[in-house]
Amino acid sequence: MRTLLTSARHIFRALAKRPVYTVISVAVLAIAIGANATVFSVLDAFLLRPLPYPDGGRLVTVYDSYPKVGLDFAGTAIPDYLERRAQAPSLEDLGIMATGARTFGREGGAPEQLTVARASPSLFNVLRAAPLLGRVFDDNEATVGNDKVAVLSYGLWSTRFGSRPDVVGRDIRLDGETLRIIGVMPEGFTLLGQVAVWVPFAFTPQQMSNAERGKQFSFAVGRLEPGATVEGLNAELQAIVQRNLAAGNISSD
């Protein structure tokens, strides 16, 4: 995890100095034994071991490379995520998430900071992750105005809600905002560290626009179609980059 966070800090510093979108290639890493042993040894400890994802050999992380500024691993921008999910036939599905700290208002207790993940509904499908209680959010709830729902981690449910089975339907307050609890994830479910609450990643029109390309603050995980290969997916992603270059949506400068 420290390696990934350190890489993220380098990415954001470099992008701040060079705001022009300079992606020349798109890299894909298979989370599977024998894929890329050097990087896999990092991701294996924080992705695969905490949760035995079903059919994990088909999971991939999709990210950008910035060779001109020496960045081998960058995150994913929202418009790129939307294009790749729609235009890469080798992907069965693609999910996206971003984490941050939010203030949890405790009834009868002092507020505390929690790690909250904004996630696309597709992320749970990609990971084949079913909730312990209730359900996860759907596509309608991942839209602005309909996104006032939350899924609790097992840890938060057990420590702050006393493992009450009737927690679904109750409210939780984050940064003063009231969200309705719709589900609880099973014990051991984790991704990129311990997340306390999962909320819908509701994209605004601005976030989906070309102006957001290069703002890679998110992490994307995909599931390959049966029989698809990393090499084939990488070629498809390269083709998407080339189409954007031709259309003037991004720059190679």
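Biologist: Which residues is L123 in contact with, leaving aside its neighbours within four places in sequence?
Modeller: In this predicted model, L123 is in contact with G95, I96, M97, L191, W198 and V221. Contact means heavy atoms within 4.5 Å.

Biologist: And which residues touch the most other members in the largest nonpolar core?
Modeller: That core has 22 residues, and L123 is among those with the most partners, along with M97, F124, L127, F137, M185 and W198. A nonpolar core here is a set of buried Ala, Val, Leu, Ile, Met, Phe, Trp, Tyr and Cys residues joined through side-chain atoms within 4.5 Å. Buried means under 20% relative accessible area, exposed over 50%, and partly exposed in between, with a 1.4 Å probe and protein chains only.

Biologist: Which elements each supply at least two residues of this core?
Modeller: β4 (112-119), α4 (121-127), β6 (149-152) and β10 (219-224) do. Of these, α4 gives the most, with four residues. Helices (H or I, at least four residues) and strands (E, at least two) are DSSP runs, numbered from the N terminus.

Biologist: What about a second core?
Modeller: There is a separate one of 17 residues, and it includes V167, I172, V184 and A196.

Biologist: Switching to charges: how many salt bridges are there?
Modeller: The count comes to 14, where a salt bridge is a side-chain nitrogen of Lys or Arg within 4 Å of a carboxyl oxygen of Asp or Glu. One of them joins the side chains of R213 and D80, at 2.7 Å from N to O. R213 lies in the loop between β9 (197-200) and β10, while D80 is in helix α3 (residues 78-87), so the pair ties together parts that are 133 residues apart in sequence.

Biologist: Are R213 and D80 buried or exposed?
Modeller: R213 is buried, and so is D80.

Biologist: What does R128 pair with?
Modeller: Its side chain meets that of E92 in a salt bridge, 2.5 Å from N to O. R128 is in the loop between α4 and β5, and E92 is in strand β3 (residues 91-104), so to speak a link between distant parts of the chain, 36 residues apart. R128 is partly exposed at 35% relative accessibility, and E92 is partly exposed at 30%.

Biologist: And where does D175 lie?
Modeller: D175 is in the loop between β7 (171-174) and β8 (177-184). It forms a salt bridge with R102, the closest N and O atoms being 3.3 Å apart. R102 is buried, with a relative accessible area of 18%, whereas D175 is partly exposed at 49%. R102 and D175 also belong to a network of salt bridges with D147, K148 and E177.

Biologist: Back to the backbone, what is phi of R128?
Modeller: It is near 55 degrees, a positive value in a residue other than glycine. D175 has a positive phi too, near 50 degrees. Most residues other than glycine have a negative phi.

Biologist: What does the chain average in pLDDT?
Modeller: The average is 78, and 77% of the residues score at least 70; pLDDT is the predictor's confidence in each residue, from 0 to 100. Over residues 1-51 the pLDDT is below 50, and this stretch has 110 contacts in the model beyond near neighbours in sequence.

Note on methods:
Residues are numbered from 1 along each chain as its sequence is written. This is a predicted model: local features need pLDDT of at least 70, side-chain atom pairs count only at pLDDT 80 or more; totals for chains, interfaces and linings use all residues. Side-chain values use heavy atoms; hydrogens and water are left out.
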